[in-house]
Amino acid sequence: VYALYCQSCHMENGQGQPDIFPPLAKTTYVKDVKKNIKIILEGQSGEITVNGKKYNGMMPAQPYLTDLEIAEVLTYVRSSWGNKYPAVKPAQVKAERK
């Protein structure tokens, strides 16, 4: 899922692209499960700050991903590149869908 839907912007190593797409590596930005589920389901635009740097890229909504796919990709991001956060369960994603 990461390779198909995330890697082109956030890069294979999770470092993102300067000023456009934020890093997913070594960041507390991926700690908030509900916020991250919402970003995948609804997308995100406008300026954000990650690790003290500003980014202003647009992430498209991806509500077509299944609860399992979203849980798996968030678990991957939350446990890769120096991140050490708990796994995400499909039930958590289901609870955030509207």
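Biologist: What span should the twelve residues of helix H4 have, and how far apart are its end C-alpha atoms?

Modeller: This is a predicted model. At 1.5 Å a residue, helix H4 (residues 67-78) should span 16 Å. Its end C-alpha atoms are 16 Å apart, which agrees with that expectation.

Biologist: Which residues of H4 are buried, and what covers them?

Modeller: A residue counts as buried under 20% relative accessible area. In H4 this applies to Asp67, Ile70, Ala71, Val73, Leu74, Val77 and Arg78. Their cover includes helix H1 (2-5), helix H3 (33-42) and helix H5 (90-96).

Biologist: How many salt bridges does a search of the whole structure find?

Modeller: Side chains of opposite charge can pair when their charged atoms come close. The search finds two salt bridges. Lys54 pairs with Glu47, with the closest N and O atoms 3.5 Å apart. Asp67 pairs with Arg97, and here the closest N and O atoms are 2.5 Å apart.

Biologist: Which parts does the pair of Asp67 and Arg97 tie together?

Modeller: Asp67 lies in helix H4 and Arg97 in the segment after H5, so the pair links parts that are 30 residues apart in sequence. Asp67 is buried, with a relative accessible area of 18%, whereas Arg97 is partly exposed at 28% relative accessibility.

Biologist: Which residues make the nonpolar surface patch?

Modeller: Val1, Leu4, Tyr5 and Tyr64 make this patch, which covers about 420 Å². One of these residues, Tyr5, is found in helix H1. Tyr5 counts as partly exposed, because its relative accessibility is 33%.

Conventions. Residues are numbered from 1 along each chain as its sequence is written. This is a predicted model: local features need pLDDT of at least 70, side-chain atom pairs count only at pLDDT 80 or more; totals for chains, interfaces and linings use all residues. Side-chain values use heavy atoms; hydrogens and water are left out. Helices (H or I, at least four residues) and strands (E, at least two) are DSSP runs, numbered from the N terminus. The expected span of a helix is 1.5 Å times one less than its number of residues. Buried means under 20% relative accessible area, exposed over 50%, partly exposed in between (1.4 Å probe, protein chains only). Contact means heavy atoms within 4.5 Å. A salt bridge is a side-chain nitrogen of Lys or Arg within 4 Å of a carboxyl oxygen of Asp or Glu. Patches are made of residues with over 30% relative accessible area and no salt bridge: like charges are joined within 9 Å, nonpolar side chains (Val, Leu, Ile, Met, Phe, Trp, Tyr) within 5 Å. Accessible areas come from the Shrake-Rupley method with a 1.4 Å probe; for residues, only the protein chains shown count as cover.
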